[in-house]
Amino acid sequence: MRTLQRKSIEYRKTILRIIKAANAGHTAGSLSCIDILNVLYNYVMDITPQNFSSPQRDRYIQSKGHSVEALYVVLADKGFFPAAELDTLGRFRSHFVGHPTRKVPGIEHNTGALGHGLSVSVGLALGAKYRGSPHRVFTLLGDGELAEGSSWEALMAAGHYQLDNLVIIVDRNRLQITGSTEDVMGLEPLADKFAAFGCAVRSCDGNDVEALTQALEQLPFVRGKPNLLLAQTTKGKGVSFMEDVARWHHRVPADEEYAAALRELETAEMTL
Amino acid sequence: MIAPAIGRANLEVFADTVLELARQDPSIMVVTSDSRGSGKLVPFGEELPDQIIEMGIAEQNLVGVAAGLAMSGATVFAVSPACFLTARALEQIKNDVAYSDHPVKLIGISAGVSYGALGATHHSIHDFAALRAINNVGIVVPADNFETREAIRAALAHARPLYIRYGKKPMLDLHSPDTRFEIGEAIVIREGEDLTFIATGEPTGRALLAAQNLEADGISCRVISMHTVKPLDMEALLYAARHSSAIITVEEHSIYGGLGEACAAILLQHGICLPFKIVAIPDDYTVTGDQLEIFDHYGISAAGLSAAARDLLAKG
């Protein structure tokens with residue numbers, strides 16, 4: 001567990017470094033979901049550079065594509081491409097653009113427009129069922145993106161087809177670019193809504209790697225139902241002045257803010 | 001003059017062809033949006049229930065799911081009324097199929113003004129324009145049963161996303177069975193030197209009838225079936241422009257953004273200027289009625305096209 005915790009801190013430092021260097025990025029959302037990605041790639045999913053062309057591998061679709069910096073950092077750590085390539089983020093003709101594309105090794109599907117990833121994941125999960133393959137399909141949704149009606153079309157299909165090989169994780173940080181999700185377009189009672197659509201719903205601290213591993217060890221939550229994990233997160237997690245502040249959605253830290261953020265993360269690392 | 005034989009509705013031929021192919025290939029999956037009846041796919045569902053997936057009235061989800069199935073190794077036909085498939089699910093076509101490069105076969109049924117009397121909500125006369133502007137999706141518009149059958153067979157081997165659209169009316173048979181069909185390669189149905197009709201889809205038979213009418217007046221017309229709107233067969237277009245005195249394009253689509261404008265842009269950029277007319281559905285509150293009545297109203301008819309040809313040649 002200590003290794004995963006240490007990785008989360010290292011990932012946060014790298015996320016901030018590449019966003020700072022590119023002078024662009026979705027800072028707070030990447031910090032919000034990085035613990036989820038850490039646990040998925042390093043503990044739960046069977047996805048490696050070596051098995052990436054195997055039909056049996058697990059699949060991961062990042063529906064909240066804007067938090068791509070978190071994904072790039074984890075894929076680099078997994079060895080999908082040299083870490084030095086992260087430094088090309090946002091540069092002219094770099095494949096490392098601001099939303100996931102299949103040009104980057106390890107990425108299955110291009111996302112960025114919200115409300116798309118769940119439908120694609122339903123298709124993947126149906127494909128696995130029809131082929132009798134035991135692999136699982138994981139998808140990460142933002143909470144703000146749940147205002148897209150297509151997400152609910154996909155959920156209806158997931159429940160209808162009893163896709164218990166589908167794992168939907170919602171990065172429930174309660175903030176979107178304009179402000180609180182509940183002020184912009186209220187989502188609650190979210191767990192009840194997902195349950196009403198036929199999902200087996202669980203909730204955990206989505207910034208606690210131990211809580212995440214414990215929750216995901218229970219998969220499938222209920223046979224015959226799509227799995228839905230409400231990961232209760234904090235946007236900007238790990239850097240005190242970024243936490244739960246809407247303007248850090250895609251703000252790039254100034255020099256002194258960057259230095260202060262790194263100091264906080266290094267302190268956290270030392271106290272592990 | 002030989003009248004072309006009347007065949008079946010392209011939609012029925014599509015459904016028969018995909019069933020015939022799916023019997024041999026279990027990787028073929030058909031995905032529908034409460035559209036198996038209108039897509040003539042009920043026999044498919046009865047015979048191969050494991051190869052058809054119902055998504056309900058949810059076209060956005062239909063296309064996203066189709067992309068996911070294609071990523072799983074399935075050969076996917078996403079079948080939905082063209083009006084909804086290419087408008088409501090346009091962003092899914094753009095991002096999940098075309099941009100992500102998953103070779104889904106998008107099948108727009110009851111396309112153009114096939115649902116004529118149901119009103120403009122059910123017309124798809126925007127689809128060429130919308131999809132032409134999206135990178136990495138081909139547009140195929142079969143004119144008869146032969147082209148329908150061949151387009152589906154060619155789609156199986158096609159590694160990129162494709163949009164194919166069909167109507168509901170019986171079509172004239174325009175080709176002999178040994179005609180060569182390749183996506184992106186126009187078919188010359190009839191040779192002629194005075195004027196060329198370049199048509200796509202269901203109006204093509206009407207262009208052929210017009211050419212036969214005009215022959216009686218001593219006007220010799222070439223008729224080209226430009227079944228692939230994108231990528232357009234530039235060679236066939238340029239040859240026609242260099243070997244005839246005028247060109248009329250014919251399509252079941254808005255005058256904007258379709259076959260006609262595509263041809264005009266190519267000709268002008270090749271320095272070719274000749275009498276040219278786009279016969280299509282004007283930018284208007286589209287009349288309603290039977291598909292053929294709508295065609296007649298807008299001059300997409302043997303009489304209308306004959307008149308347009310005479311007029312164009314007289315001006316030229």
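Colleague: Among contacts in chain A between residues at least 6 apart in sequence, what share joins residues at least 24 apart?

Modeller: It's 76% of them. Keep in mind that this is a predicted model. For chain B, again counting contacts between residues at least 6 apart, 80% join residues at least 24 apart.

Colleague: What is chain A built from, in helices and strands?

Modeller: Chain A has 9 helices and 7 strands.

Colleague: And how do you know whether chain A is as compact as a globular protein of its length?

Modeller: Set the value against the rule: the globule rule gives 19 Å for 272 residues, and the radius of gyration of chain A is 17 Å, which is close, so chain A is as compact as a globular protein of that length. Along the principal axes, its C-alpha trace spans about 50 × 45 × 35 Å. Buried residues account for 51% of the 272.

Colleague: How does chain B do on that test against the globule rule?

Modeller: First the parts list: 12 helices and 14 strands. With 316 residues the rule predicts 20 Å, and chain B comes out at 19 Å, close enough that it is as compact as a globular protein of that length. Its C-alpha atoms fill a box of roughly 60 × 40 × 40 Å along the principal axes, and 55% of the 316 residues count as buried.

Colleague: You mention β1(A). What makes β1(A) an edge strand?

Modeller: Start with the sheet: 5 strands of chain A form an open sheet, ordered β1-β2-β3-β7-β6, with parallel pairing. β1 (59–62) and β6 (200–205) each have a single partner strand, so one side of each is left without a neighbour in the sheet, and that puts both at the edges. From one strand to the next, the twist averages 20°.

Colleague: How do you know that β1(A) and β2(A) really pair?

Modeller: Pairing needs at least two bridges. β1(A) and β2(A), residues 137–142, have 4 bridges in the parallel sense, so they pair. In that pair, Q62(A) stands opposite L140(A).

Colleague: Which helix lies across β6(A) and β7(A)?

Modeller: That's α8(A), residues 209–216, which runs at about 160° to β6(A).

Colleague: Now S35(B). What makes S35(B) buried rather than exposed?

Modeller: The cut-off for buried is 20 C-beta neighbours within 10 Å. S35(B) has 25, so it counts as buried. It sits in the loop between β2 (28–32) and α2 (42–47) of chain B.

Colleague: What domains does chain B have?

Modeller: Domain 1 is 7–172 and domain 2 is 187–315. Their centres, over C-alpha atoms, lie 26 Å apart. The contact between them takes 26 residues from domain 1 and 29 residues from domain 2. On the domain 1 side, the elements giving two or more residues are α6 (127–132), β6 (138–140), α7 (145–157) and β8 (170–172) of chain B. That side divides into 14 nonpolar, 8 polar and 4 charged residues.

Colleague: And how many residues of each chain are in contact across the two chains?

Modeller: 22 residues of chain A touch 22 residues of chain B. On the chain A side, α4 (117–131) and α5 (149–160) are the elements that give two or more residues. α4(A) provides the largest share, 11 residues. By class, the chain A side has 10 nonpolar, 8 polar and 4 charged residues.

Technical notes. Residues numbered from 1 in each chain as written. Chains lettered and ligands numbered in written order. Predicted model: local features only at pLDDT ≥ 70, side-chain atom pairs only at ≥ 80, totals over all residues. Buried ≥ 20, exposed ≤ 12 C-beta atoms within 10 Å, placed from the backbone. Axes fitted to C-alpha atoms, helices over the stretch in contact; angles between N-to-C directions. Contact = placed C-beta atoms within 7 Å. Domains from an automatic or database assignment. Nonpolar A, V, L, I, M, F, W, Y, C, P; charged D, E, K, R; others polar. Rg over C-alpha atoms; globule rule 2.2 N^0.38 Å.
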